[in-house]
Amino acid sequence: MNLEEQLMTYKKSVQKKPQEEKMQETIRASKEVFFASEQEKMLSYHEFLWSQFKLVQKRWWILQFLLLSMLGAALVSAYEESYIQRGMGIMAAIFVILIIPELWKNRSCCCMEIEESSYYSLRQIYSARMVLFGIVDVLLLTAFCGTMTIGLNIEFTRLLVQFLLPMLVTACICFGTLCSKHIMDETVAMILCILWCGIWLVITLDEKIYTMITLPIWLICIGLSFGFLCIAICRILNNCSDYWEVGFDEIRIE
C-alpha cells in the first residue's frame, strides 16, 4: 500500500458526518451576535431623517421662499385681477418644478445602485425626501396664505383656486411623469408643466370660461388632483426600486 492509499484510508476512518442541528444552532448564534453588534451602529429612523435633511441642498427651499416673496410683492402692487391670476398660476407651477432636481437627484447622479445596497431601502429614502419637502412646503404655503389672507384681505377660496389648484396639477404632472413605466427624464416633466401653464393662462384670462366654472367645480378639480397625487406618490414608493438609470440598450433590473 502506497502513501496515497494510506492517506485515503486514514481520511475515511477519521471523517465525521456533520450534524444538521448543530450547524443550524451555530448559524442562529452567529446571526444573533452579528445583529447585536450591528444594532449599536444602526441609525434610528429619526437619525436617518436628520441625515437626509443635511444631504438636501437648501437652495431649493430658499428659491421657493424667494418665489413666494416675489408673488406676495406682486400681489401688493397688482390691482387688476387678471394679473393676479396669471402670476399665481405661473408661480405655482415653478414652485413645484423646484422640487424635481433634489427629489430625483439619485437618478441624475447615477447613485441608485449604491442606495439600493444600503441598509435603508430606496422606498425609505424617497419617503424621507418627500416628508422633508412636505414639511417645509406646508410651512411656506401656510405662512404665504395666512399673510395674503390677513394682510391683503384676499379670500382664501381665491388662493385655493388660483394657486393651490395649479400647484396640485403641476405636482401630479411631475410625479406622474417621473414614476411612469416609460423612461422619461426631468426635461419631459418640465415641458409638460409649461404646457399646463399655457392651458391655465387660457382658462384664467378668459373671463367667459372663468366665470362659467363655479366654486364646487373648482373644489372637485382640487379633490381629483389631490387624489391622483396621492396615487402617484404611492406608486413611486412601491416601484422606486425599478427606476434604474441604464439606457435603452443596457440590462435593466426589474
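Biologist: By class, how many nonpolar, polar and charged residues are in the lining of the largest pocket?

Modeller: The model is a predicted one, and its largest pocket has a volume of about 500 Å³. A total of 21 residues line this pocket, and those closest to its centre are Gly134, Asp137, Val138, Met167 and Leu229. Sorted by class, the lining consists of 19 nonpolar, one polar and one charged residues.

Biologist: Which helix supplies the largest share of the lining of the largest pocket?

Modeller: Four helices each contribute at least two lining residues: helix 5 (81-97), helix 9 (122-151), helix 10 (156-178) and helix 13 (215-239). With seven residues, the largest share comes from helix 9.

Biologist: Which residues line the largest cavity?

Modeller: The structure holds one cavity of 30 Å³ or more, and about 30 Å³ of space lies in the largest cavity. Helix 6 (100-103) and helix 10 each supply at least two residues of its lining. By class, that lining has seven nonpolar, no polar and no charged residues. The residues concerned are Val96, Ile99, Ile100, Leu103, Trp104, Cys174 and Phe175.

Biologist: How many disulfides does the structure hold?

Modeller: A disulfide requires two cysteine sulfur atoms within 2.5 Å. For Cys172, the nearest cysteine sulfur is that of Cys230, 8.6 Å away, and Cys172 is in no disulfide. For Cys174, the nearest is that of Cys193, at 3.4 Å, and Cys174 is likewise in no disulfide. The number of disulfides in the structure is zero.

Biologist: Is Cys174 buried or exposed?

Modeller: The term buried applies under 20% relative accessible area. Cys174 has a relative accessible area of 3%, and therefore counts as buried.

Biologist: Is Cys172 buried or exposed?

Modeller: The cut-off of 20% relative accessible area applies here as well. Because its relative accessible area is 8%, Cys172 is classed as buried.

Biologist: In which helix of the protein chain is confidence lowest?

Modeller: The protein chain averages a pLDDT of 76, and 74% of the residues score at least 70. Confidence is highest in helix 4 (residues 59-77), at a mean of 86. The lowest mean, 64, belongs to helix 8 (residues 112-116).

Biologist: Over residues 245-254, how many contacts does the model have beyond near neighbours in sequence?

Modeller: The pLDDT over residues 245-254 is below 50. Beyond near neighbours in sequence, the number of contacts this stretch has in the model is 15.

Definitions and conventions
Residues numbered from 1 in each chain as written. Predicted model: local features only at pLDDT ≥ 70, side-chain atom pairs only at ≥ 80, totals over all residues. Heavy atoms only, no water. 1 Å grid on protein atoms, 1.4 Å probe; cavity = no way out; pocket = protein on both sides within 12 Å on 5 of 7 lines; lining within 4 Å. Points joined across faces, edges and corners; volume = space filled by probe spheres on them. Nonpolar A, V, L, I, M, F, W, Y, C, P; charged D, E, K, R; others polar. Buried < 20%, exposed > 50% of the residue type's maximum accessible area, 1.4 Å probe, protein only. pLDDT = per-residue confidence, 0-100. Contact = heavy atoms within 4.5 Å.
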